[in-house]
Amino acid sequence: MRLDYRGALPETVGYLLLPSFSMMAFFAAVEPLRIANRLSGRPLFDWTLISEDGAPVTASNGMTLLVDQAVGEVHDLPSLAVCSGFAPEQHLKRPLLAWLHHLDQAGCVLGGLDTGCFLLAAAGLLGGERVTLHWESLPAFRERFPAIATSDELFELGSRRFSCAGGAAAMDMALEVIARRHGTKLAIDVSEQLVHERMRTRDDQQRMSLVRRLGTHNRRLIEAVALIERHLEEPLSLAEVARRSGVSPRQLQRLFEQHLATSPRQWYLRRRLERARQLLEETDLDVLAAGLACGFTSSSSFARAFRAQFGMSPREVRNRPDGSGSKPRRA
């Protein structure tokens, strides 16, 4: 959202809603602005909802929102947030592309909530920028757009671009905008109204620590899991994982069985397959390329392992019309 806005109040923020957008991220971005208006006693912000054709848009949770305008009816905005979900690039059609470039040339600050940066990157509007996305989508984005700088931060606020990881991170970004534009006290008051424990900064972690995710403080196991998550494309041998974690292969086996109720081999394979599914759902990589990006050396071995894990083939996940595979939609 625009940080150097000096125009008349209320400041208008546009939200482009694409089919299957994240309702959670959208409401988390808008509600702090509404509350800031109420607490300040004057209209600081306004917002307009936009769809490609002016028709209502259905979010990933199945709820449908009415919008205010179609893209062709909007010619001037201080800021625009692209709100999307899975497979955002499939909505990048020529009229929408031309409209985004028109807004950019007119000085509009463009940003993405959750996966919105996929669309902006495909439109060629993120050159020289650093962006962030939901942690689950970052690997796919990096595969698809390796020249664009990314971060693991909760949000990024630049002079011409903004982005956030979606979910509650959209609230943190909105609170930061309120603080910079209208003072920290107002932002804190808004945060308290939202029963938001604290205003997280951009460099707070998106994910829980491994200690909390795994439910253990065992340092050796945490080191082993961290190694596995860093080496999905070029898997390490389990002997190497054990060596770098400071345990023997037999001790590594016992740690996984005791704390995670699985073997290190099964854990590693599942993480690689989960990454491959993300790539199939969120990028245009073909099946073989997705498998290779997760350490599989042949399409047949990849397909067998994938079907055993998810009950369907990689190609079936890729060809599903909603791009969701067997995976529950995230917020």
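This is a predicted model: local features need pLDDT of at least 70, side-chain atom pairs count only at pLDDT 80 or more; totals for chains, interfaces and linings use all residues.
## Salt bridges across the chain

The count of salt bridges comes to 15. One of them joins the side chains of Arg-181 and Glu-11, with N and O 2.9 Å apart. Arg-181 sits in helix α5 (residues 169–182) and Glu-11 in strand β1 (residues 11–17), so this pair ties together parts that are 170 residues apart in sequence.

Are the two partners buried or exposed? Buried is the call under 20% relative accessible area. Arg-181 has 16% relative accessibility, so it counts as buried. Glu-11 comes in at 1%, so it is buried as well.

## Salt bridges within a helix

Other pairs stay inside one helix. Arg-34 forms a salt bridge with Glu-31, and their closest N and O atoms are 2.9 Å apart. Both belong to helix α1 (residues 23–40), and because they are three residues apart there, about one helical turn separates them. Arg-34 is partly exposed at 35% relative accessibility, and Glu-31 is partly exposed too, at 26%.

Helix α8 has a pair of this kind: Glu-223 and Arg-220 are three residues apart, about one turn of the helix. Their closest N and O atoms are 4.0 Å apart, and a salt bridge needs such atoms within 4 Å. Glu-223 has a relative accessible area of 27%, which makes it partly exposed; Arg-220, with 30%, is partly exposed as well.

## How α8 packs on α10

Arg-220 also turns up in a helix contact. Helix α8 (residues 219–230) packs against helix α10 (residues 249–260) at an angle of about 95°, and the axes are 10 Å apart. That angle is why α8 is described as roughly perpendicular to α10.

On the α8 side, the contact is made by Arg-220, Leu-221, Ala-224, Val-225 and Ile-228. Helix α10 brings in Leu-252, Leu-255, Phe-256, His-259 and Leu-260. Sorted by type, the contact residues are eight nonpolar, one polar and one charged.

## What the UniProt record lists

UniProt, in an unreviewed entry, lists "domain: HTH araC/xylS-type" at residues 222–320. In the model, that span is 73% helix and 0% strand, and its end C-alpha atoms are 36 Å apart.

The unreviewed entry also places a "transmembrane region" at residues 12–30. What is the helix and strand content of residues 12–30? The model has the span at 42% helix and 32% strand, with the end C-alpha atoms 11 Å apart.

Conventions: Residues are numbered from 1 along each chain as its sequence is written. Side-chain values use heavy atoms; hydrogens and water are left out. UniProt positions are given in the numbering used here, feature names are shortened, and annotations may be inferred rather than shown by experiment. Helices (H or I, at least four residues) and strands (E, at least two) are DSSP runs, numbered from the N terminus. Axes are lines fitted to C-alpha atoms, for helices over the stretch in contact, and angles run from 0 to 180 degrees between N-to-C directions. Angles under 35 degrees count as roughly parallel, over 145 as roughly antiparallel, 65 to 115 as roughly perpendicular and the rest as oblique. Contact means heavy atoms within 4.5 Å. Ala, Val, Leu, Ile, Met, Phe, Trp, Tyr, Cys and Pro count as nonpolar, Asp, Glu, Lys and Arg as charged, and the others, Gly among them, as polar. Buried means under 20% relative accessible area, exposed over 50%, partly exposed in between (1.4 Å probe, protein chains only).
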